[in-house]
Amino acid sequence: MGIGGMPSVILGAKKIWKLHSLLAKNDSNVPKGYFAVYVGEIQRKRFIVPVSYLKHPSFQNLLRYAEEEFGFDHPMGGLTIPCKEDVFINLTAKLNLQRYKL
């Protein structure tokens with residue numbers, strides 16, 4: 001991706017972070033069409049992502065890694081993804097761009 005695409009990636013990341021911030025205030029609410037994941041290697045943060053991300057190969061690879069690390073016993077009570085938060089935000093920002101690409 002060239003330099004020209006960077007502002008779009010940053011805007012996508014900001015949208016995801018804003019959604020995360022809004023929903024973090026009320027942990028039990030997840031909008032229809034979204035699901036919660038816990039992201040981080042040591043300290044984990046809760047993110048709300050669209051179900052449509054499940055069909056993307058990059059996100060599927062991340063989920064396979066999570067399965068290898070945790071199996072189906074997730075200590076946080078939800079899907080846990082053991083990667084750096086910035087890596088997750090970058091990936092979801094790119095997926096967000098693809099989602100809204102004209």
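1. In strand β3, T80 is the bridge partner of Y38, and β3 (residues 79-81) runs parallel to strand β1, to which 3 bridges join it. Strands here are DSSP runs (E, at least two residues), helices are likewise DSSP runs (H or I, at least four), both numbered from the N terminus, and two strands count as paired if DSSP finds at least two bridges between them.

2. The model is a predicted one, in which local features need pLDDT of at least 70 and side-chain atom pairs count only at pLDDT 80 or more, while totals for chains, interfaces and linings use all residues. Residues are numbered from 1 along each chain as its sequence is written, and side-chain values use heavy atoms, with hydrogens and water left out.

3. β1 also pairs with strand β2 (residues 45-50), here in the antiparallel sense and over 6 bridges, with A36 standing opposite I48 in β2. The hairpin of β1 and β2 has 5 residues between the strands, and within this hairpin G40 takes a positive phi near 145 degrees.

4. The structure holds 4 aromatic pairs, where rings of Phe, Tyr and Trp (its six-membered ring) pair if their centres lie within 6.5 Å, with planes under 30 degrees apart counted as stacked, over 60 as edge-to-face and the rest as tilted. F35 and F59 form an edge-to-face pair, at 6.1 Å centre to centre and 80 degrees between the planes; this pair links distant parts of the chain, since F35 lies in β1 (residues 34-39) and F59 in helix α2 (residues 57-70), 24 residues apart.

5. F35, F47, Y53, F59 and F88 form one aromatic cluster. F35 counts as buried because its relative accessibility is 16%, and F59 is buried with a relative accessible area of 0%, where buried means under 20%, exposed over 50% and partly exposed in between (1.4 Å probe, protein chains only).
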